[in-house]
Amino acid sequence: ATPTAIMVATGVGANNGVLIKGGDALERAQMVNYVVFDKTGTLTQGKASVTTARVFTGMERGEFLTLVASAEASSEHPLAKAIVEYARHFHFFDKPSSTKDTRNHDKESEFSAWLLDVSDFSALPGRGVQCFIDGKQMLVGNRKLLTENGISIPTFAEDFVVELEESAKTGILVAYDSALIGVLGVADPLKREAAVVVEGLVKMGVKPVMVTGDNWRTAQAVAREVGIQDVRAEVMPAGKADAIRSFQKDGSIVAMVGDGINDSPALAAADIGMAIGAGTDIAIEAADYVLMKNNLEDVITAIDLSRKTFSRIR
Ligand code: ADP
Ligand code: MG
């Protein structure tokens, strides 16, 4: 392709909300063999919401949700935001009328005032959060987080988590003062176009893959819904780039599509990094392409544009 053709293609991309950082990136996309998708915020809408909250102790529901939201309030994770939002809603709208808060519900300051004091907060990537409330340890996250802290998961709780995971939800376990006190189920719906895009890639001879930090069962349920067969789950943040490199070993050309901070090493490691425009700045910086419309169809647009520009016949 001539420099003019590359310039024109870059312009066509930009007009369609696909920002291409340079002619090399444009050229590589036509050769892609694998497209590796991050799950949360990439294949899914990244709009997680709590669908179930089950308390295992005699603790009141409101008290349970206050504890969990207090622990998650300092986390930026989409799961944390969903939990805080759910607790806020419960606090303001779902309580028995005798205890209902009648003040102006819109003010963030009032919500914050309702949260409990937290000390020694830490976010544990790929696991969840840890902090202390009232001098007692609070853990909110996955099985790994609990077992690493010596907290056992009784069979009835495990069964409940499995049930959530089989319906594509993420089960979040809550431990307080060394005991499991409840479980939340969080759902994050697929993007509307996700399945069509996956099917389109297969038709183009490109293999779709999903990588996620989420657990195997949820990952597989989501992959089944979207039509992806090759899944890598329970991948720690640093592991996503390793996954990319494993696909590159036989000389395959690999594209990575992601949105999060966790995805930036993988976006950089991939032959073609594609960041979702609504994603984090770090991901956008690490990528060769930015999909400004947050629409996965633009993965196909990008490959098509490259194929047409370099008129490679397959
Ligand atoms: P993803 O690849 O889906 O973005 P992450 O590495 O961010 O995954 O998280 C992996 C898993 O760790 C989540 O599915 C969840 O079980 C747990 N986790 C991470 N952060 C939190 C949090 N703030 N609250 C609860 N669970 C969390
Ligand atoms: Mg993500």
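**Figure 1. Domain assignment of the predicted model.** The protein is divided into domain 1 (3–45 + 190–309) and domain 2 (49–187), with bounds taken from an automatic or database domain assignment. The C-alpha centres of domain 1 and domain 2 are 32 Å apart. This is a predicted model, in which local features need pLDDT of at least 70 and side-chain atom pairs count only at pLDDT 80 or more, whereas totals for chains, interfaces and linings use all residues. Residues are numbered from 1 along each chain as its sequence is written, and chains are lettered from A and ligands numbered from 1 in the order in which they are written.

**Figure 2. The contact between domain 1 and domain 2.** Contacts link 12 residues of domain 1 with 11 residues of domain 2; two residues are in contact if their C-beta atoms, placed from the backbone, lie within 7 Å. On the side of domain 1 that touches domain 2, the elements giving two or more residues are α3 (39–43) and α10 (216–226). Helices (H or I, at least four residues) and strands (E, at least two) are DSSP runs, numbered from the N terminus. The most is given by α10, with five residues. By residue class, this side of domain 1 comprises four nonpolar, five polar and three charged residues. Here Ala, Val, Leu, Ile, Met, Phe, Trp, Tyr, Cys and Pro count as nonpolar, Asp, Glu, Lys and Arg as charged, and the others, Gly among them, as polar.

**Figure 3. The open sheet of six strands.** The strand order is β3-β8-β7-β6-β5-β4, and the pairing is antiparallel; two strands pair if DSSP finds at least two bridges between them. At the edges stand β3 (49–55) and β4 (119–124), each with a single partner strand, so one side of each has no neighbour in the sheet. From one strand to the next, the twist averages 15°. Axes are lines fitted to C-alpha atoms, for helices over the stretch in contact, and angles run from 0 to 180 degrees between N-to-C directions. Strands β7 (residues 170–176) and β8 (residues 179–187) run antiparallel and are joined by seven bridges. Opposite A175 stands L180 in β8.

**Figure 4. Helices α4 and α8 on the six-strand sheet.** Helix α4 (residues 61–72) packs on the sheet and touches β3, β5 (128–133), β6 (136–141), β7 and β8. The direction of α4 makes about 110° with that of β5. Helix α8 (residues 155–166) lies across β3, β7 and β8 and runs at about 10° to β8.

**Figure 5. The open sheet of seven strands.** With mixed pairing, the strands follow the order β1-β13-β12-β11-β2-β9-β10. Strands β1 (18–20) and β10 (230–232) stand at the edges with a single partner strand each, so one side of each is left without a neighbour in the sheet. On average, and with direction ignored, neighbouring strands of this sheet are turned by 20° against each other. Strands β2 and β9 run parallel and are joined by five bridges; the bridge partner of Y34 in β9 is K207. Helix α14 (residues 297–309) lies across β1, β2, β11, β12 (272–276) and β13 (289–291), at about 45° to β1.

**Figure 6. Strand β12 and its parallel partner β11.** Four bridges pair β11 and β12 in the parallel sense, and A255 has I272 as its bridge partner in β12. In β12, five of its five residues are buried. A residue is buried if 20 or more other C-beta atoms lie within 10 Å of its own, exposed if 12 or fewer, and partly exposed in between, with C-beta atoms placed from the backbone. Both faces of the strand are covered, with I272, M274 and I276 buried on one side and G273 and A275 on the other.

**Figure 7. The buried side of helix α11.** In helix α11 (residues 239–248), the buried residues are K240, A241, I244 and F247. These residues lie on the same side of α11 because they cover an arc of only 115° around the axis, the arc being that of the directions from the helix axis to the C-beta atoms. Their cover includes β2 (34–38), β9 (207–211), β11 (254–258) and α12 (264–269).

Figure 8. Although A168 is not a glycine, its phi is positive, at about 70°. A168 is found in the loop between α8 and β7 and counts as buried, because it has 22 C-beta neighbours inside 10 Å. N294, also a residue other than glycine, has a positive phi near 60°. This residue is found in the loop between β13 and α14. With 17 other C-beta atoms within 10 Å, N294 is partly exposed.
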